[in-house]
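Visitor: I am new to this structure. Please pick one part and take me through it closely.

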Amino acid sequence: MDKENLNYDLQEYAKLLEEKVDSAASEISKYKKIFEESPDLFLVIDGDTATIEEANPVCETITGYTQEEIVGRPDSDLFVKWDSERTESVLDHTKMYGSVLSSRMLRKKDGSSIPVDLTINTLKNDDHNLIIVAVRDITERVEQEEQINRMNKELKALNASKDKFFSILAHDLKNLFGTLIGFSDILNFEYNELEEKEKEFFISKIFNISKNSYELLTNLLDWARSQSGRMEFNPEQFELTDVADDVLKLLSPSAEKKNITIIKDIPSQTQLLGNINMVKTILRNLVSNSIKFTKDNGEIRIHFQEKGGYAEISVIDNGSGMSREQLSALFSIEKIKTSVDNEDMQGTGLGLVLCKEFCEKHNGRIWAESTPGKGSIFTFTIPLFFE
């Protein structure tokens, strides 16, 4: 090989070597940038001593330790098992399981812990074992999983409650129509043999059961529509006095039958912002309940006051009242009760469950106060709107 060719070959080799060096430098620069700018924590751990040799800058944000503070620490200072407070060396874990993805708790400098995923890889460098650990904070993911688990438990409990609720309704309706058929049968086949008082008794029973059955079915249909999302919530401005008048027009015959006085204590031109049909349903259920549980010659008052931008509407009666235990069972579908022991089927509690749901759709609330033998006060809130 002559000198000229040798020089040419050396130049080509030098050029090729320079390109490879540049390429390697570029790769090193790229991985260095990833290492320094990554939002995940990277740790380089001595595979023989299980001490931390290097950490990227995000170290302080995630662990609370500066890069200088964390270097030289045993990795067991950082990592805690899920199922105990016992620390565990990444080295021991790697010897047992190899290069794996593992979940652990990372103990921060201030003593608090966060859940993390560890991606663990081993690297041999000049007879020196290194462990490269990528640490990712999974706090948000764990919180989301816990929220999903809570929601699943709540849905299971709600489904169980609904199953119980429908079972009670089926029992009640069967009992109801059995009673109606029984009374009707007596009137149909024994009418001429019955005394006038007996006829009046059976007719009265049939009327009361039919009326309360209709109320139950109305509430049931409204509740079913609200649960299926078919009842749209479209707030509009309306007069509270108009709603109260409509409700009283419907329920006055029942009140007059027991000689119950209903006082409407609502200023004229009181305007609300909400769904008028939902508000009617709430007021109808509360006034209807008061009529049922107020004795003859009693009094019911519908009272209004403004409080914090909301209309606070109370239905106050001097009826039989409720005990603390009875109060605690209101407004909950889990505590819906059978009406089999309730004369003339005076309510399963579905109406109050419906009232609560409709109040919550308005960002309002409903509550009750009562003393046995002295009456009850049911109060709900709806947003106010004034021109």
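Guide: Here is a close look at one helix and the core around it. The model is predicted: local features need pLDDT of at least 70, side-chain atom pairs count only at pLDDT 80 or more, and totals for chains, interfaces and linings use all residues. Residues are numbered from 1 along each chain as its sequence is written, and side-chain values use heavy atoms, without hydrogens and water.

Start with α8, residues 276–293. Helices here are DSSP runs (H or I, at least four residues), strands likewise (E, at least two), numbered from the N terminus. The 18 residues of α8 should span 26 Å at 1.5 Å a residue, and its end C-alpha atoms are 26 Å apart, so the two agree. That expected span is 1.5 Å times one less than the number of residues.

Now its surroundings. Of the 18 residues, 14 are buried, so α8 is largely enclosed by the rest of the structure. Buried means under 20% relative accessible area (1.4 Å probe, protein chains only).

Next, the largest nonpolar core. It has 38 residues. Such a core is a set of buried Ala, Val, Leu, Ile, Met, Phe, Trp, Tyr and Cys residues joined through side-chain atoms within 4.5 Å. Among those with the most contacts inside it are Leu-283, Leu-286, Val-287 and Ile-313. Elements giving two or more residues include α8, α7 (240–257) and β11 (310–317).

Take Ile-313. Beyond its neighbours within four places in sequence, its contacts (heavy atoms within 4.5 Å) include Leu-272, Leu-283, Phe-378 and Phe-380. A second, separate core of 20 residues includes Leu-41 and Val-116.

Technical notes: Buried < 20%, exposed > 50% of the residue type's maximum accessible area, 1.4 Å probe, protein only.
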